[in-house]
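The sequence and structure come first.

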Amino acid sequence: TKIGFGLIAIVLVSLPGQNPYQILQARPQAPRVRGVESALPEPGLVPVRVGVKAPSVSARSAIVIDVNSAAVLYQKNPDSPLLPASTTKIMTAMAAIDSYALDQVLTAKQAEAAIGQSMGLEVGEKMTVENLLYGLLVKSGNDAALALAENYPDGYQAFIAEMNQKARQWHLDQTNYKNVSGVEQYEHVTTVRDLSTLAREAMSNPVFAKIVGTKAIIVTDVTGEKEYALTNVNQLLGKVEGLRGIKTGWTTQAGECLVTDTVRDGHEIITVMLGSEDRFGESQALIEWAYDNHEWKDLE
């Protein structure tokens, strides 16, 4: 029998607490990405703290969850609605993956209108959905986000409505999207608890997991003549043992944001922080603390 939520709550932790560098080549019409295999613990295993409290963090809000049991290992203001910055692109990607074929060709219609981080698209340029997803999640390109949304059958606003529909479907009750890239906008908010749920859903998708785990890649337009060398902005990828992604974010008001997914010895954890002063250092500290100070036990 599965352990109920009430029992899992018993193990909630009180408040304070390389991979080789890859260069890939992605070309238009490439085969669809195959699934990512990772061992998961047996049902019923729950993390129990056996060591010290978690380190303190500067983040306005943070959470660490065990994916298999849904147990919360650490939390700080987990339900405070905050600006998500480019962690928004996790949902942008999921909406795009469900809306298009990976080899479908889209046209960048208003690339110059994308403000902030860019992969460098030009107006009229044609690129496959798969390569745009690399631009979105590896380079964090706002122009890639715009291209994916503006080509949606009923337009940009309909794409955002699809993102919000998925938020309701996955019970992200404190999340609301107003744009596809995470630029600061009134009522564009989420929480670290909602982001942990979204990350769990996203990492179960093999296409998404493959892309966010890519350290570096070269993509092209449909002609194959124009190349984009993309390097992942997640500094922990390839540095922290078992880390598989997933997404960074930053704006002036949002501060430093980071969502990560890590698997060690079959135990998968997700960390989320919003409004940090040191997203990479603090996320790494929480990941190491989670594995060093917990044992996964069968409480049945």
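Is asparagine 142 buried or exposed? Asparagine 142 counts as buried because its relative accessibility is 7%; buried means under 20% relative accessible area, exposed over 50%, and partly exposed in between, with a 1.4 Å probe and protein chains only. The residue lies in helix α4 (residues 142-150). Its contacts, not counting residues up to four places away in sequence, are Ser86, Lys89, Ala114, Ile115, Gly116, Gln117, Ser118, Ser181 and Val183. Contact here means heavy atoms within 4.5 Å. Helices (H or I, at least four residues) and strands (E, at least two) are DSSP runs, numbered from the N terminus.

**Basis and confidence**

This is a predicted model, in which local features need pLDDT of at least 70, side-chain atom pairs count only at pLDDT 80 or more, and totals for chains, interfaces and linings use all residues. Residues are numbered from 1 along each chain as its sequence is written, and side-chain values use heavy atoms, with hydrogens and water left out. The predictor's confidence in each residue is pLDDT, from 0 to 100. The protein chain averages 88, and 85% of the residues score at least 70. Over residues 1-41 pLDDT stays under 50, and for this stretch the model has 96 contacts beyond four places in sequence. Where pLDDT is low, the predicted coordinates should not be read in detail.

**Helices**

Helix α2 is mostly covered, with 9 of its 11 residues buried. Among the buried residues of α2 are Lys89, Ile90, Met91 and Met94. The axes of α2 (residues 89-99) and helix α6 (residues 192-203) come within 10 Å and cross at roughly 35 degrees. Axes are lines fitted to C-alpha atoms, for helices over the stretch in contact, and angles run from 0 to 180 degrees between N-to-C directions. The crossing of α2 and α6 is left-handed, a term used if the near helix is turned anticlockwise from the far one by less than a right angle. On the α2 side, Ile90, Met91 and Met94 meet Leu195, Leu198, Glu201 and Ala202 of α6. By class, this contact has 6 nonpolar, no polar and 1 charged residues; Ala, Val, Leu, Ile, Met, Phe, Trp, Tyr, Cys and Pro count as nonpolar, Asp, Glu, Lys and Arg as charged, and the others, Gly among them, as polar.

Another asparagine, at position 164, is found in helix α5 (residues 156-169). Asparagine 164 is buried, with a relative accessible area of 15%. It touches Asn176 and Tyr177, not counting residues up to four places away in sequence.

**Sheet and hairpins**

An open sheet of 5 strands has the order β4-β3-β11-β10-β9, with antiparallel pairing. Two strands pair if DSSP finds at least two bridges between them. At the edges stand β4 (72-76) and β9 (243-251), each with a single partner strand, so one side of each has no neighbour in the sheet. On average, neighbouring strands of this sheet are turned by 5 degrees against each other, direction ignored. Helix α6 lies across β3 (61-66), β4, β9, β10 and β11, and runs at about 140 degrees to β11.

| Strand pair | Bridges |
|---|---|
| β10 (residues 255-264) and β11 (residues 267-276) | 8 bridges |
| β7 (residues 216-220) and β8 (residues 227-231) | 5 bridges |

For alanine 216, the bridge partner in β8 is threonine 231. In β7, 5 of 5 residues are buried. Ala216, Ile218 and Thr220 point one way from β7, and Ile217 and Val219 the other way. In a regular strand the side chains alternate between the two faces of the sheet.

**Backbone exceptions**

Most residues other than glycine have a negative phi, and most peptide bonds are trans. Serine 140, not a glycine, has a positive phi of about 60 degrees. This serine sits in the loop between α3 (129-137) and α4 and is buried, with a relative accessible area of 5%. Aspartate 265 has a positive phi near 50 degrees. Its place is the loop between β10 and β11, and it is exposed, with a relative accessible area of 77%. In the hairpin of β7 and β8, which has 6 residues between the strands, glycine 224 takes a positive phi near 80 degrees. The peptide bond from glycine 245 to isoleucine 246 is cis, with omega near 20 degrees, and isoleucine 246 belongs to strand β9.
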